[in-house]
Amino acid sequence: MSERDDEEREFDLTWADGAEHKEPSARARMLAARWKENPPGPVPFRADPDHVGSGRRSSWASTAVVLGSVAAVIVLLGYINFRAPY
């Protein structure tokens, strides 16, 4: 094929956007069929604030764990350097 044929066959997006009927995607068709039988319940825009902090450690405890870990690594590295023969 020549380069001229390729240019003529190039897909024109403005022509496609101007189409009267646009077919929905496969996912949209699947969800429409599923929701026809079992419609989804209402979903709040944001979750309730009581659920945000449940099961989480307080900030001071997290800080203590991080600082303790850093201190342990520093002590361990110092001990390794102290015991290393020169």
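**Stop one: the salt bridge**

Search the whole structure for salt bridges and you get 1. Keep in mind as you go that this is a predicted model. To see the pair, select R29 and E23 and show their side chains: the two form a salt bridge, and their closest N and O atoms sit 3.0 Å apart. Side chains of opposite charge can pair when their charged atoms come close.

Is E23 buried or exposed? E23 is exposed, at 62% relative accessible area. R29 is partly exposed, with a value of 42%, so it falls between the 20% and 50% cut-offs.

**Stop two: the whole chain**

Zoom out and go to cartoon view. What does the secondary structure come to? You'll find 4 helices and 0 strands, and walking along the sequence gives the pattern α-α-α-α.

Colour by burial next. The protein chain has 86 residues, and 2% of them count as buried. Its accessible surface is about 8,800 Å², with 60% of that belonging to carbon and sulfur atoms.

For the last stop, select residues 59-83, which is helix α4, and pick out L77 within it.

Methods: Residues are numbered from 1 along each chain as its sequence is written. This is a predicted model: local features need pLDDT of at least 70, side-chain atom pairs count only at pLDDT 80 or more; totals for chains, interfaces and linings use all residues. Side-chain values use heavy atoms; hydrogens and water are left out. Helices (H or I, at least four residues) and strands (E, at least two) are DSSP runs, numbered from the N terminus. Buried means under 20% relative accessible area, exposed over 50%, partly exposed in between (1.4 Å probe, protein chains only). Accessible areas come from the Shrake-Rupley method with a 1.4 Å probe; for residues, only the protein chains shown count as cover. A salt bridge is a side-chain nitrogen of Lys or Arg within 4 Å of a carboxyl oxygen of Asp or Glu.
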